[in-house]
Amino acid sequence: MLALQITAQQTSTITGLVLDASGEPIIGASVLVKGTSNGSITDLDGKFTLSNVPTNGTISVSYIGYTTQEISIKGQKNFSVKLLEDAKALDEVVVVGYGVQRKSDLTGAVASVKTADALKSTPSGNVSDALQGRMAGVSVLSGSGDPSKDNTIRVRGINSITAEGGPLVVIDGFIGGSLKSLNPSDIQSIEVLKDASATAVYGSRGANGVILVTTRTPNKDKLTVSFNGFVNFKTVAKYPDVLSPYEFATLSNDYGREFNASQNKPAKVYYDDEQLAAFKNGTAGFDYAKGMFNDPALAHNYEVSIAGGGEKTTFLASLRYEGNEGVIKKSNNDIFTYRLKVDTQVRKWFKAGMNLYGYYNTNSGPRITQYDGLILQAMYFPNTVEPFDKNGNYNNKYPISGTATYNPMGHINETDNNNQTLSNRLQGYLDFAIADGLTFRTQLGVSFDNKLATDSQNERSYNYAKNSQTTAYARSEWNTGWLNTNTLSYVKEFNDNHRINATGVFEQSYNNTYWHRTDASNLSFADRLGSDALSWADQFKGSSNRDITTLMSGMLRVNYVFMNRYMLTASIRADGSSRLVEKWDYFPSAAIAWDIKQEAFLKDVETIDQFKIRLGYGSVGNQSVAPYRFHSQMVPKPNADGTTSYSAGRPYSPNLKWERNDQVNAGIDLSFLNGRFRASADWYNKVSKDILLELAQPVHMGFPSLLQNAGEIRNTGIELTIGADLLQNRDWSWHTDITMAHNKGTFENIPTLDRTQQQAGNYENQLFKMIEGERLGTFWGHTYAGVWQEADVNAPFVDANGKDSGKTNGATYGVAAGNARYVDLNLDGKINNNDMGIIGNGQPAFNWGWSNTLSYKDFDFSLFIVGFHGFDIYNATDQIGYNTVGGQNMDNITPKRDFLNRWTKDNTDTDIPGFVYEKSPIKSFNSRFVESGSFVKVKSITLGYTLPAAACKSIGMETLRVYASVQDPFHITKYSGLDPEATMGSPLTQGVDWGAYPNSRNFLVGLNFSF
């Protein structure tokens, strides 16, 4: 029908010539009849010929680096088209904090992403997914496959230990937002301020980088309804490789024979022939390692928005819903987001607007923890044991040791918890044009947050199995806060030689958080009422807390450009925080830039569009410490007679002050061939001084640690971004971007006697040691030396002085052939803490991202790959399978396949210890479980088809696109665990796999349209 209508129109053949501003022909310019796929490209002389062109049609002429022109045919047959260089690429306005600047005037390190393009190649309900690998120096990691967890974002390394946090998020000029609260389709662009000369304008808030989000501005006199939706089928990328029930039963009998033989005891048989036969034919046993997975899991996302307005008022209204199941059973996350944005030009000199947005989030999931968590228990629970006994009760006992435990399927079946968050933001602004170039803006943002977390443990739950008690709790949190920002801006271009952009800011904020928790035990009707009736319990107790914090700030900044080539930016900010004793501090910054392209000796070099060098210095602060830490804490303790006593919970920290991050940045920006090739490189040196540390104290002080401004961290790095339009003609286009970043974080000062300190915290935190002169993320443990062999056990022990003690190694260390062997560093005949040293590092030294977008006519294809290199992973998950981590609850042996290669008298060439008795086995971190963590991962492959404009118009649509994508389809790594990226969720403990929730492989199909 469409084809008949088109051919019925009057058509003609047209010719033309495409020239640049200097009159030179442009080779390879695209000439396209608008609304069709009928097009051509210019030849070596800049000429084109196009047939079957409607006499009332329109042609679009475009070329990389030039402004696209649309020309009405109006019966003409010959055209001369002059394309002008697209100054927008360099003079494009970017958000820089408390205002905007021309991109060409930037002096700091600012990365920018057009989210529409990023989300097109990586469809997601979470905008941070689309940022991964697209900005050098900005690390975005899917640190967990848990749908309730957000991505980890860090800018240029780790700056703090106690006050470590992610970057500040600013949405449409309002500070303190969340990427999670955004509908990705609402976002126009995202800028990230990386160096201190750019972030210093935010003072303490910008210590960890700043993410600036700009939402869409609707078109005037046009109402647009947009929809985007997709369904995501999530599959398990890799299952744990464990023994079958038959193999494990056979291994168990081997253990009973070999372990008892090492103690001169008769063999023990755990499974008889009848049981072995049942395991072999599959009529007995249970696969817990697969039973915990939900394959496939289903996620779905729907976004709808209405945008439009008139000459004076525009609005944007949007809703989004995402339901997301995890690949671990019973883990799920649902989120609803909304936004209403209205801007109105009340008078020529007065503009006002408001932004109302928020989200409701609810999630739940099984117990996934470092101790007795589902993933670890399901991987290593003996699969010869069925989940239930003949009476329907859980089998909660290990078959080999006979010790009590909890069946992994109980974590799934008895899950009864829920976390809910309702977050609302109401923001408004008034903008006054006082005089030519002089504007004043005042804005107020108010936040209202409510959280509720509940958990119930019935008679079949984990808590009951451990403590013989039903328990439940409910925790509610209420938060309100406000932020008032007042900005005076002066932007003026006096002539072609002078341009100034000056900003003054006064800002004040208030935050009030109250929480209350009630715990109950021995509940009546725990399985039916649980946390809904906490008073129906024999015992219950309550606790509550309120925190109030304030911050006041002032800032001055000026950006001056001389002759479009010499640029200067300088700022000073003062912050006063109620969290600290020394409340006020001052944070200056300065940066200069020189666009060499504008000099006479390069101005006429046509192949170079931009050649700018930058140098900047700035200071930012960090005050993200818990409120009231400069006071001592009193803790109530109930007495037996019903009265209450009080004791000191922690000492006061009398001298708390600001952490300071001082940073130097040098960079270069290049552009060639009318923007077809672009590159940007930066080097930085960032020193974090007076970092807040829980500093270890002598025993006589009465407290193990005291919070002080005591340490220093240095981050140095190099970043490189390369972009190119490798192909551009009538039918084909290929755009590619590569980002690369190297960062090295080092402890410059640890003020303890031995210049080291154990990282605070339990479980994986105990693996890390802060050592002056060494990198952040340093693993500390014993060095594994393989397995003791018979000859080594019987050899004489020789100490550090070369003296023969007269004892064998076996007698000295208390070992036998087949036991694990560790290096005795000081040769004192003991394996203890004095023999520990550096065994690895979990911080990546280098990462990169490579995105490609290829289009052919109405089809588009994208490929996105990331890589992380130069780091180790401590595979605690593997170690726990050998039951050699202190405090972990595992059976004597587990269904680990590696046990098949254990040491025996017939298999001595192995590094896996045998089933041999050892009097005092060492259960510490050691180099045996340190693996290379480097990986290359294909993040997404996406194919889309956009219906041509003419076809869309015929069905009443403006745009329509269908697409399919596979995400995380595969990765290349030497790491033996389930997912190397899942070990990188927590910045301070990156590189530790302790039952990590793996990311899934996703198959996604979607549709978006607008009308």
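This report describes strand pairing, nonpolar cores, a surface patch and selected residues in a predicted model.

## Nonpolar cores

The largest nonpolar core contains 51 residues. Within this core, the residues that touch the most other members are Met292, Leu767, Phe779, Tyr874, Ile893 and Trp994. Several helices contribute at least two residues each: helix 5 (245–261), helix 6 (273–281), helix 8 (374–380), helix 9 (408–413) and helix 14 (876–880). Helix 8 provides the largest share, with 6 residues.

Another core, of 22 residues, lies apart from the largest one. Its members include Ala118, Ile171, Ile187 and Ile190.

## Nonpolar surface patch

Three strands each supply at least two of the patch residues, namely strand 34 (705–728), strand 35 (732–749) and strand 45 (859–869).

## Pairing of strands 1, 4 and 7

Strand 1 (residues 11–19) pairs with strand 4 (residues 47–54) in the antiparallel sense, over 6 bridges. Strand 1 is also joined to strand 7 (residues 78–82), here by 5 bridges and in the parallel sense.

Leu17 takes part in bridges to both partner strands: Lys47 is its bridge partner in strand 4, and Ser80 stands opposite Leu17 in strand 7.

An antiparallel pairing over 25 bridges links strand 25 (residues 498–523) to strand 26 (residues 537–562). Within this pairing, Ala502 has Val558 of strand 26 as its bridge partner. Phe525 is located in the loop between strand 25 and strand 26. Although Phe525 is not glycine, its phi is positive, near 55°. With a relative accessible area of 41%, Phe525 is partly exposed.

Met555 stands opposite Arg573 of strand 27. The hairpin of strand 26 and strand 27 has 3 residues between the strands, and Met563 in this hairpin adopts a positive phi near 60°.

An open sheet is formed by 3 strands in the order 47-46-50, with mixed pairing. Strand 47 (930–932) and strand 50 (992–993) are the edge strands, each pairing on one side only.

The pairing of strand 46 (residues 872–875) with strand 50 is parallel and comprises 2 bridges. Asn875 has Asp993 as its bridge partner in strand 50.

Thr235 lies in strand 17 (residues 224–235). At a relative accessible area of 16%, Thr235 is buried, because this value falls under the 20% limit. Setting aside residues up to four places away in sequence, Thr235 touches Asp295, Pro296, Val327, Ser1000, Arg1001 and Phe1003.

Two of these contact residues, Asp295 and Pro296, are joined by a cis peptide bond with omega near 5°. Pro296 is situated in the loop between helix 7 (288–291) and strand 18 (297–309).

## Gly849 and its surroundings

Gly849 is part of strand 44 (residues 846–856). Its relative accessible area of 0% places Gly849 among buried residues. Apart from neighbours within four places in sequence, Gly849 is in contact with Gly133, Asp737, Ile738, Thr739, Ile865 and Val866.

The C-alpha atoms of Gly849 and Lys937 are separated by 9.6 Å, while the two residues are 88 residues apart along the chain.

## Backbone geometry at Tyr763

Tyr763 is a residue other than glycine with a positive phi, near 55°. Tyr763 is placed in the loop between strand 36 (756–758) and strand 37 (769–771). Its relative accessibility of 33% makes Tyr763 partly exposed.

Note on methods: Residues are numbered from 1 along each chain as its sequence is written. This is a predicted model: local features need pLDDT of at least 70, side-chain atom pairs count only at pLDDT 80 or more; totals for chains, interfaces and linings use all residues. Side-chain values use heavy atoms; hydrogens and water are left out. Helices (H or I, at least four residues) and strands (E, at least two) are DSSP runs, numbered from the N terminus. Buried means under 20% relative accessible area, exposed over 50%, partly exposed in between (1.4 Å probe, protein chains only). Contact means heavy atoms within 4.5 Å. A nonpolar core is a set of buried Ala, Val, Leu, Ile, Met, Phe, Trp, Tyr and Cys residues joined through side-chain atoms within 4.5 Å. Two strands pair if DSSP finds at least two bridges between them.
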